[in-house]
Amino acid sequence: MNVRITGTGSALPARILTNAEISQMVDTSDEWITTRTGIRERRIAAEGEYTSTLAAEAGRNALAMAGVAAEEIDLLLVSTVTPDFPFPSTACIVQDLLGATNATAFDLSAACAGFIFGLSVADKYIRSGAVKKILVIGAEVLSRTVDWRDRNTCVLFGDGAGAVVLEATDGEHELLSTHTFSKGAFWNLLYQQGSGSRNPATDRRTIDEERIYLTMEGNDVFKHAVRAMEEASTAALVANGISGTDLSFLIPHQANQRIIDATAKRLGIGPERLVINLDRYGNTSSASIPIALDEAHRNGVIKSGNLVMMVAFGAGFAYGSTLVRW
Ligand code: UT7
């Protein structure tokens, strides 16, 4: 079977946290954050807002655009590194919230590359004939994983969710390729210290010794990110026999404007073909690409027939790319 993307959706918390506000909390400035990252503001989940509620809202919006009822979904994938709980999967909670009663639901963990990994899994499920309709959601509440006293990390992240509906079709194949890569040797350059089996939430020392927060060797990660984004992009271009100049749009993971610019330059892609929302939402990990895709689609930026590449890099390291004929 061939695969089509029939709906996109997103959801963002209403609360905006500006660089000026963060400057009141830690020793930083709007000038440092904008010039080093490109971020101006980010969204922060309110009390009562969770990864599952944002994911469900994004999923509902994607289903509405696709004209697909929740009960028709065969497979529900949620990519997240900030699940509601270690278990059950956030996907099962989202299944309940949406009433997607006929779906198999599970979470997928590939950090900022999670949405690309989700598309890769979904593509294979549909192409094999196993299922017909899939909801893939990337959703995160990263604001509850960072140390709000650490200027190295707290300025970077935000909360949000994005989703797509994928359907089997006898018509044109739209998901032209998916490529995924992992480099586990670098896992400890970017990770969440606490609440897993190494630093369990049940051990008082985890809290007392503050082994709980997201931690990152930013500069090292930056260098790897630029190389990996190029490697994943090149894999898609080569597999499809095209070059960067053939792309209508590049939707990169939104971690740092300088990483995006370096990637675009290496691929020969001008700023007019980049889809960026980093300035408004910061780094929302696996939600960043589907949110950007939904905005560009709804605003009419991406049009039928466009060749769109999505590329992401994140903790693991995990990285990958997808090429779509819209
Ligand atoms: O989501 C997927 C993976 N994540 C990424 O791809 C993120 C990759 N890394 C980055 O985006 C960048 O490395 C950062 C934005 C995190 C940091 O930028 P940088 O240009 O690599 O800065 P740096 O870490 O080398 O730090 C430079 C200086 C340091 O001061 P000293 O040691 O030179 O005196 C930091 O302490 O900037 C300082 N600094 C800050 N200053 C003001 C770090 N954070 C801040 C801050 N405000 N928020």
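Helices here are DSSP runs of H or I with at least four residues, numbered from the N terminus. Keep that in mind for our opening residue. Ser-285 sits in the loop between helix 10 (278–281) and helix 11 (288–298). One more thing before we go on: this is a predicted model.

So what is the phi of Ser-285? It is near 50°, a positive value in a residue other than glycine. And is Ser-285 buried or exposed? Buried means under 20% relative accessible area. Ser-285 has 3%, so it counts as buried.

Ser-195 is partly exposed, at 47% relative accessible area.

Next, cis peptide bonds. One joins Phe-87 and Pro-88, with omega about 0°. Pro-88 is in the loop between strand 4 (75–79) and helix 4 (90–98). Another cis bond joins Gly-316 and Phe-317, and here omega is about -10°. Look for Phe-317 in the loop between strand 12 (307–314) and strand 13 (318–325).

On to charges. Side chains of opposite charge can pair when their charged atoms come close. How many salt bridges does the structure hold? There are 15.

Take Lys-183 and Glu-231. Their side chains meet in a salt bridge at 3.9 Å, N to O. This pair links distant parts of the chain, 48 residues apart. Lys-183 is in the loop between strand 8 and strand 9, while Glu-231 is in helix 8 (residues 218–239). Lys-183 is partly exposed at 37%. Glu-231 is partly exposed too, at 34%.

Helix 8 comes up again. Glu-230 forms a salt bridge with Arg-266, and the closest N and O atoms are 2.9 Å apart. Arg-266 lies in helix 9 (residues 257–267) and Glu-230 in helix 8, so the pair ties together parts 36 residues apart in sequence. Arg-266 is partly exposed at 45%, and Glu-230 is partly exposed at 25%.

Now Glu-272 and Arg-273. They form a salt bridge, with the closest N and O atoms 3.9 Å apart. Glu-272 is exposed at 58%, whereas Arg-273 counts as buried at 15%.

Which residues are linked in a network of salt bridges? Glu-72, Lys-133 and Glu-167 are.

Last stop, Gly-184. It lies in the loop between strand 8 (175–182) and strand 9. At 47% relative accessibility, Gly-184 is partly exposed. Gly-184 and Leu-17 are 167 residues apart in sequence, and 33 Å apart in space, C-alpha to C-alpha.

How values were computed:
Residues are numbered from 1 along each chain as its sequence is written. This is a predicted model: local features need pLDDT of at least 70, side-chain atom pairs count only at pLDDT 80 or more; totals for chains, interfaces and linings use all residues. Side-chain values use heavy atoms; hydrogens and water are left out. Helices (H or I, at least four residues) and strands (E, at least two) are DSSP runs, numbered from the N terminus. Buried means under 20% relative accessible area, exposed over 50%, partly exposed in between (1.4 Å probe, protein chains only). A salt bridge is a side-chain nitrogen of Lys or Arg within 4 Å of a carboxyl oxygen of Asp or Glu.
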